[in-house]
Amino acid sequence: MKKVTVIGAGSFGTALSIVLARAGNKVNLWARESEIAYGINNQHRNPSYISDVTLPDAVVCFNDLEKCVPGRDMIVFATPSHAMREVANTVKPHLTGEEIVVSVAKGIENDTFMTMSQVLSEVLEGVIIDDKIGVLSGPSHAEEVSKFRPTTVVATSFSKRTAGIIQETFMTPMFRIYLNYDIIGVEIGGAVKNIMAIAAGIVDGASLGDNAKAALITRGLHEIKRLGMRLGASQDTFSGLAGVGDLIVTCTSEHSRNRYVGYHIGQGLKLDDIVSKMNMVAEGIRTTRSVYDWSNKLNVEMPITEAVYKVLFEEKDPKDMLYDLMTRNPKEEIMI
Ligand SMILES: NC(=O)C1=CN([C@@H]2O[C@H](COP(=O)(O)OP(=O)(O)OC[C@H]3O[C@@H](n4cnc5c(N)ncnc54)[C@H](O)[C@@H]3O)[C@@H](O)[C@H]2O)C=CC1
Ligand SMILES: O=C(CO)COP(=O)(O)O
């Protein structure tokens, strides 16, 4: 049994708290919103996210970092990626250096092009060594995880020991964890699939058909792999849970926030109108900006990312998106 604090009581932080409690740990959950802490502690429900799920007594929610971070074995960051740097900075003074720190966020920071473990490493430097930082990622929608639907993910870290501790801390019969030591590959897979899910949503929303969707997922995987391998990732990671596994679930699931955004764009709605009606984060929007800029800087060809960027930020007509992709120069299929 470990003492674990989950930072961020959105959908996924809440779902993982339930898993961690089911795995026998003592769980603190930090919520930015005091009404979430009140709802979880008094009604065993999160009033704002996955509110149909009952939380176990073993999850205690706090609104104050000072009360829930000191003296823990593991700190799990489940905030959106754009908030990771700010939140990690506020958590840092409460850490001793003994804790294992885990990111479950899927995004690439704008401008710095850092993955979330890299942001944690930079912010927590001087307190937490890199070998104590890990990542949990894979096909795992909170709506299903919280209801004990069978889910498999990967735990990764530069340290095999740390990855192993994450595996044993989270593992339950309905939440199976494999080890993978390719941290950059796992994080690129988890972040960039969100861009492909927006594209898949556009295909569905604009009724472009199943052939187009299959092509999008397949060529999307190729694109993720191309960026990942340029950054030193292992090709095999993209055939795994953090690669094709997460790509499939996010491009096809009714639960996907990123696919939802794409779907409504495909139906002709404006990005700002879609986002203003959502209370959950669609990470792929910001990550499209990061990856578009990053791929241009690295000279890595990412045509689907470029097409999504133009639809999201340059008001390109989504119906033209597929036409543009279809009429690119003829190519060989396998070119990394
Ligand atoms: N929802 C899911 O099924 C899954 C989500 N993830 C990842 O987990 C991360 C969190 O996602 P969700 O839980 O879905 O988000 P969410 O949209 O359900 O909730 C986000 C939470 O973060 C808080 N938050 C937002 N901005 C903040 C800030 N500046 N400072 C502090 N807290 C802030 C919100 O108050 C809220 O409690 C994302 O990176 C997402 O990609 C990963 C796997 C599955
Ligand atoms: O990462 C996820 C599932 O593994 C969540 O995807 P969405 O943010 O699109 O819902």
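1. Start with Asp246, which lies in helix α10. This is a predicted model. Asp246 counts as buried, because it has 28 C-beta neighbours inside 10 Å and the cut-off for burial is 20 or more.

2. What does Asp246 touch, leaving aside its neighbours within four places in sequence? The contacts are Ser137, Gly138, Pro139, Gly189, Gly190, Lys193 and Leu241. Look at Pro139 in particular.

3. Now the domains. The protein is divided into domain 1 (3–181) and domain 2 (184–326). Their centres, taken over C-alpha atoms, are separated by 25 Å. At the contact between them, 27 residues of domain 1 meet 26 residues of domain 2.

4. Which elements build the side of domain 1 that touches domain 2? α5 (116–123), β6 (133–137) and β7 (151–157) each supply at least two residues. β7 gives the largest share, with four residues. By class, this side of domain 1 has nine nonpolar, 15 polar and three charged residues.

5. Ligand 1 comes next. It is surrounded by 26 residues. The closest are Gly10, Ser11, Phe12, Ala83 and Ala105. Two helices, α1 (11–22) and α4 (84–91), each supply at least two residues of this shell. α1 provides the largest share, three residues. The shell around ligand 1 divides into 12 nonpolar, nine polar and five charged residues.

6. Why does ligand 1 lie between the two domains? Domain 1 (3–181) and domain 2 (184–326) both give residues to its shell, so the ligand is placed between them.

7. Ligand 2 has 15 residues around it. Ser140, Thr250, Ser256, Arg257 and Asn258 come nearest. α8 (183–205), α10 (241–252) and α11 (257–266) each supply at least two residues of the shell. α10 is also the helix that holds Asp246. Three residues of the shell around ligand 2 are nonpolar, seven are polar and five are charged.

8. The placing of ligand 2 follows from its shell. Both domain 1 (3–181) and domain 2 (184–326) contribute residues, so ligand 2 lies between them.

9. Turn to strand β5 (residues 100–103). Are its faces covered or open? Both are covered. On one side sit Ile100 and Val102, on the other Val101 and Ser103, and all four are buried. In a regular strand the side chains alternate between the two faces of the sheet.

10. β5 pairs with β4 (residues 74–77). The two strands run parallel and are joined by four bridges. Phe77 stands opposite Ser103 in β5. From β4 the chain crosses through α4 to β5, and this β-α-β crossover is right-handed. α4 is also one of the helices in the shell around ligand 1.

11. β5 also pairs with β6. This pairing is parallel too, over three bridges. β5, α5 and β6 make a right-handed β-α-β unit. Both α5 and β6 supply residues to the side of domain 1 that touches domain 2.

12. Two backbone points deserve a check. His44 has a phi near 55°, a positive value in a residue other than glycine. His44 is found in the loop between α2 (34–43) and β3 (59–62). Is His44 buried, exposed or partly exposed? It is partly exposed, because 14 other C-beta atoms lie within 10 Å.

13. Glu315 is found in the loop between α14 (303–313) and α15 (318–326). Glu315 counts as exposed, because it has 10 other C-beta atoms within 10 Å and the limit for exposed is 12 or fewer.

Key
Residues are numbered from 1 along each chain as its sequence is written. Chains are lettered from A and ligands numbered from 1 in the order in which they are written. This is a predicted model: local features need pLDDT of at least 70, side-chain atom pairs count only at pLDDT 80 or more; totals for chains, interfaces and linings use all residues. A residue is near a molecule or strand if its C-beta atom, placed from the backbone, lies within 6 Å of it. Ala, Val, Leu, Ile, Met, Phe, Trp, Tyr, Cys and Pro count as nonpolar, Asp, Glu, Lys and Arg as charged, and the others, Gly among them, as polar. Domain bounds come from an automatic or database domain assignment. Two residues are in contact if their C-beta atoms, placed from the backbone, lie within 7 Å. Two strands pair if DSSP finds at least two bridges between them. A crossover is right-handed if, with the strands pointing away from the viewer, the path from the first strand over the helix to the second runs clockwise.
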